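Me: I am new to this structure. Can we go through it in short questions and answers?

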Amino acid sequence: MRRLKILKSVIERYIESGEPVGSKVIADQFDHAISSATVRNDMAALEKMGYLIQPHTSAGRIPTGLGYRFYISHLMRREPLSDMDREIIEAQIVKGDLNPRTLVSNATDLLAKLTDCAIVSAMSEMGHAIITRVDILPAGRRLYAILVITSGGAVENRVCRLEFDLQSEQIAFFLRFIRENLVGMRIDDLTDERLVELGLALGSYTVALAPLLYGVYDITRELRRQRVEIKNETSLLRRGVFQSGQYTDLMNNRQQLGDLMEKQSDGTAVIFGQLDTAFAVEGSTLIVSPYRQGTRTVGSLAVLGPLRMDYGRVLPFVEYLSDTISRLMTEGLDEDRSKPSRVGRGPTDLAPSGER
């Protein structure tokens, strides 16, 4: 029991100061109830167990990755979020834009401010989502904005340039065609083969409207792609977590980091660089917390920083924000997600007779 208290004190003192912790400092914390010699013996025993390390002869001890792991699992006290913390999250996340990508982006911005660490977001493929709405809006001469909304809450748009301006009847036809053939379809079901079928079904409108159809397809293809983004990444250099070469390697291989995060789907995980995986370097920590839509894991947030991190403060923020994202992405979406897919249906016969 005494050794556990000493280990806890060493880790918390090191997190606070960043300096190796000596036996006298710990003895003082115990109000001299135990001698410095006793503390030294216990610290030596903890070092043999792999929980502490002495970086230099005659220096104090610092925790190892193994020591941090034991501390997080058994000794750490989580700091509850204050009312002010919850109000900030409410103002910046809950009352903000609920488009999933904007929602996650706002959460990562806030998490970067709260932790001063690099923040990684990995949004998984959204191919299971259902297309709930498609709109085409004139945006200028021969320019048309395509808007796609999914049951996952994603709202994506892009501008398409055509060879000529469309007539109102052509736009009306296209919207009816989309409503009958794409709305209610799962994104994964809009395959290359299905796209060709739909293009042919446009009949005499193919030349005029095919670019818009392909624009919708490009949006769905983008939605299927996993996105890995890193914010406040310069903190990795500023805080001495990575050297410049290691930093460059990480930024060039962020997809590997996203793949690692995607595997952590059973709750919050704390991963130590090189102790658990080669994703980073010794002395770094990745805290991953997945978020869900209903029962499906659709992405995760992660804090990437030094081993010397205030885990008792950082972990509750990561978990609270991922839980908030899960709640907001799930609310009000059950009805849309239950809509049947249109896979297997042939294109609706909307083209004027004789034009197909």
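Me: How do helix α6 and helix α13 pack, and at what angle?
Reply: This is a predicted model. Helix α6 covers residues 100-115, and helix α13 covers residues 311-330. Their axes are 11 Å apart. The angle between them is about 165°.

Me: Are α6 and α13 roughly parallel or roughly antiparallel to each other?
Reply: Angles over 145 degrees count as roughly antiparallel. The angle here is about 165°. α6 and α13 are therefore roughly antiparallel.

Me: Is the crossing of α6 and α13 left-handed or right-handed?
Reply: This is about how α6 passes α13. The crossing is right-handed.

Me: Which residues of α13 does α6 meet?
Reply: From α6 come Pro 100, Leu 103, Val 104, Ala 107, Leu 110, Leu 111, Leu 114 and Thr 115. By class, the contact has 14 nonpolar, one polar and one charged residues. On the α13 side are Arg 313, Val 314, Phe 317, Val 318, Leu 321, Ile 325, Leu 328 and Met 329.

Me: Which residues of helix α5 are buried, and why are they on the same side?
Reply: Helix α5 spans residues 83-94. Its buried residues include Ile 89, Ile 93 and Val 94. They share a side of α5 because they cover an arc of only 70° around the axis.

Me: Which residues are exposed on the other side of α5?
Reply: Exposed means over 50% relative accessible area. On that other side, the exposed residues are Asp 83, Met 84, Glu 87 and Ala 91.

Me: What do the buried residues of α5 pack against?
Reply: Ile 89, Ile 93 and Val 94 are the buried residues in question. Their packing partners are α6 and α13.

Me: How are α1 and α4 set relative to each other, and what is the angle?
Reply: Helix α1 holds residues 2-17, and helix α4 holds residues 65-75. Their axes lie 10 Å apart. The two are roughly perpendicular to each other, at an angle of about 110°.

Me: Which residues of α4 meet α1?
Reply: The crossing of these two helices is left-handed. α1 brings Leu 4, Leu 7, Lys 8, Ile 11, Glu 12, Tyr 14 and Ile 15. By class, the contact has nine nonpolar, one polar and two charged residues. From α4 come Gly 67, Tyr 68, Phe 70, Tyr 71 and Leu 75.

Me: At what angle do α8 and α9 cross?
Reply: Helix α8 is residues 192-201, and helix α9 is residues 206-224. Their axes come within 10 Å. They are roughly antiparallel to each other. They cross at roughly 155°.

Me: What is the phi of Asp 116, and where is Asp 116 placed?
Reply: Most residues other than glycine have a negative phi. Asp 116 has a positive phi, near 55°. Asp 116 is partly exposed, at 31% relative accessible area. Its place is the loop between α6 and β3.

Me: What is the phi of Arg 142?
Reply: Arg 142 sits in the loop between β4 and β5. At 27% relative accessibility, Arg 142 counts as partly exposed. Its phi is positive, near 60°.

Me: Is Val 134 buried or exposed?
Reply: Val 134 lies in strand β4. Its relative accessibility is 8%. Buried means under 20%. Val 134 therefore counts as buried.

Me: Which residues does Val 134 touch, not counting those up to four places away in sequence?
Reply: Val 134 is part of strand β4. With sequence neighbours up to four places away left out, Val 134 touches Leu 147, Val 148, Leu 175, Ile 178, Val 183 and Val 216.

Me: How many helices and strands does the protein chain have?
Reply: The chain has 356 residues, and 49% of them count as buried. Its secondary structure comes to 14 helices and 10 strands.

Key:
Residues are numbered from 1 along each chain as its sequence is written. This is a predicted model: local features need pLDDT of at least 70, side-chain atom pairs count only at pLDDT 80 or more; totals for chains, interfaces and linings use all residues. Side-chain values use heavy atoms; hydrogens and water are left out. Axes are lines fitted to C-alpha atoms, for helices over the stretch in contact, and angles run from 0 to 180 degrees between N-to-C directions. Helices (H or I, at least four residues) and strands (E, at least two) are DSSP runs, numbered from the N terminus. Angles under 35 degrees count as roughly parallel, over 145 as roughly antiparallel, 65 to 115 as roughly perpendicular and the rest as oblique. A crossing is left-handed if the near helix is turned anticlockwise from the far one by less than a right angle, and right-handed if clockwise. Contact means heavy atoms within 4.5 Å. Ala, Val, Leu, Ile, Met, Phe, Trp, Tyr, Cys and Pro count as nonpolar, Asp, Glu, Lys and Arg as charged, and the others, Gly among them, as polar. Buried means under 20% relative accessible area, exposed over 50%, partly exposed in between (1.4 Å probe, protein chains only). The arc is that of the directions from the helix axis to the C-beta atoms.
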